[in-house]
Amino acid sequence: MTQGAGQGPETERTATLRDFRVPAYVHESGPYVPHTQQDEVAPPAEESYPEAYTPTQRDLPVINRGDTLQVPVDPAPAAPAPQTAAGPGPLFVVGDVHGYLDELMTALREQGLVDEAGQWCAGTTRLWFLGDFTDRGPDGIGVIDLVMRLSAEAAAAGGYCKALMGNHELLLLGAKRFGDTPVNSGAGTATFQAAWLLNGGQKTDMDRLQDHHLQWMARLDALEEVDGYLLVHSDTTAYLDYGDSIEAVNDTVRERLTRNDADECWDLFRKFTKRFSFRDEGGADAVRSLLDTYGGTRIVHGHSPIPYLLGEVGSEDGEESSDPVVEGPHVYADGLAIAMDGGVTMAGKLLVRQLPLER
């Protein structure tokens with residue numbers, strides 16, 4: 001079994017690399033900022049950023065998963081996922097995992113998707129992971145191995161298990177491929193290696209990373225539409241920069257990764273690290289711009305932890321709530337957006353839910 005939540009050495013290792021006064025490193029967000037720096041205010045929605053924006057400052061308040069925050073777990077496992085007599089099986093989505101393999105296995109069992117041995121037991125069910133499998137948590141490679149195995153087992157049972165590319169997949173790919181090679185960050189010189197460490201990169205993941213993991217990550221789609229749901233990782237409109245159809249975006253992302261150009265890969269990471277496009281005034285219009293272009297009637301995303309979308313942590317005066325409890329997905333932007341990142345890295349819940357959501 002993997003190391004328990006909050007027990008890894010990542011906090012001590014990454015904290016020594018952080019200097020937010022230097023615009024050379026990208027910091028997305030994560031549970032690694034000393035409490036003395038937690039009085040910063042989250043930035044406005046993405047639309048106010050200049051075109052060359054690079055997230056060089058911490059853009060979310062931070063709560064360490066090792067703190068005393070606790071989230072109640074559903075008292076009883078769910079029944080096995082229902083099967084249909086004909087046609088595709090039920091549709092499930094999974095929020096950001098970030099290396100928390102034990103929490104993922106628990107959530108999958110509760111939804112009846114895997115058995116006690118961790119084997120696929122959901123028949124023709126369709127399961128989508130929304131990206132961010134590694135970094136911050138103790139066993140990112142174990143998470144990737146599990147998703148790859150479940151993909152084969154689900155396909156053999158007539159269902160499927162698929163995954164989208166998150167910004168942390170781009171970050172890990174870049175750290176492995178380019179290391180300390182300087183890139184043009186838009187705000188000075190940066191490196192993937194420094195950004196990866198700053199954002200919770202785990203040495204144990206890098207040591208265990210193999211070619212088949214890299215190939216799997218590089219081939220992931222950036223977005224897909226299933227049953228009227230547009231599935232993406234990041235709550236950003238940056239996908240529009242890469243094509244006017246789902247196929248075009250996915251092809252463009254894969255092509256740029258294939259060219260193995262450090263600056264192009266950095267630009268992908270930079271744009272897919274943006275967040276909060278669907279929040280606040282104009283958020284619903286931002287969602288509609290994606291739906292109108294790529295199809296679907298609602299968007300489902302990870303990336304931005306629900307407590308921040310709800311305003312349960314990180315107030316304008318720098319004070320933070322001590323109890324950011326997430327019970328399920330967050331529906332917002334006039335009901336057009338569904339957020340699935342329950343905040344597992346900050347003592348929140350790793351969300352696995354069936355669509356459509358129960359009212």
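Q: Does α2 pass α3 in a left-handed or a right-handed crossing?
A: In this predicted model, local features need pLDDT of at least 70 and side-chain atom pairs pLDDT 80 or more, while totals for chains, interfaces and linings use all residues. Residues are numbered from 1 along each chain as its sequence is written, and side-chain values use heavy atoms, without hydrogens and water. Helices are DSSP runs (H or I, at least four residues), numbered from the N terminus. A crossing is right-handed if the near helix is turned clockwise from the far one by less than a right angle, left-handed if anticlockwise, and that of α2 past α3 is right-handed.

Q: Which residues of α3 do L101, L104, M105 and L108 in α2 meet?
A: Contact means heavy atoms within 4.5 Å. By this criterion, the four residues of α2 meet G142, V143, L146 and L150.

Q: How many of the twelve residues of α4 are buried?
A: Buried means under 20% relative accessible area (exposed is over 50%, partly exposed in between; 1.4 Å probe, protein chains only). The buried residues of α4 pack against α5, α6, α7, α8 and α9. The helix is mostly covered, and its buried residues number ten.

Q: What is the relative accessible area of H303?
A: H303 lies in the loop between β8 (298–301) and α11 (306–310); strands such as β8 are DSSP runs (E, at least two residues). H303 is buried, because its relative accessible area is 2%.
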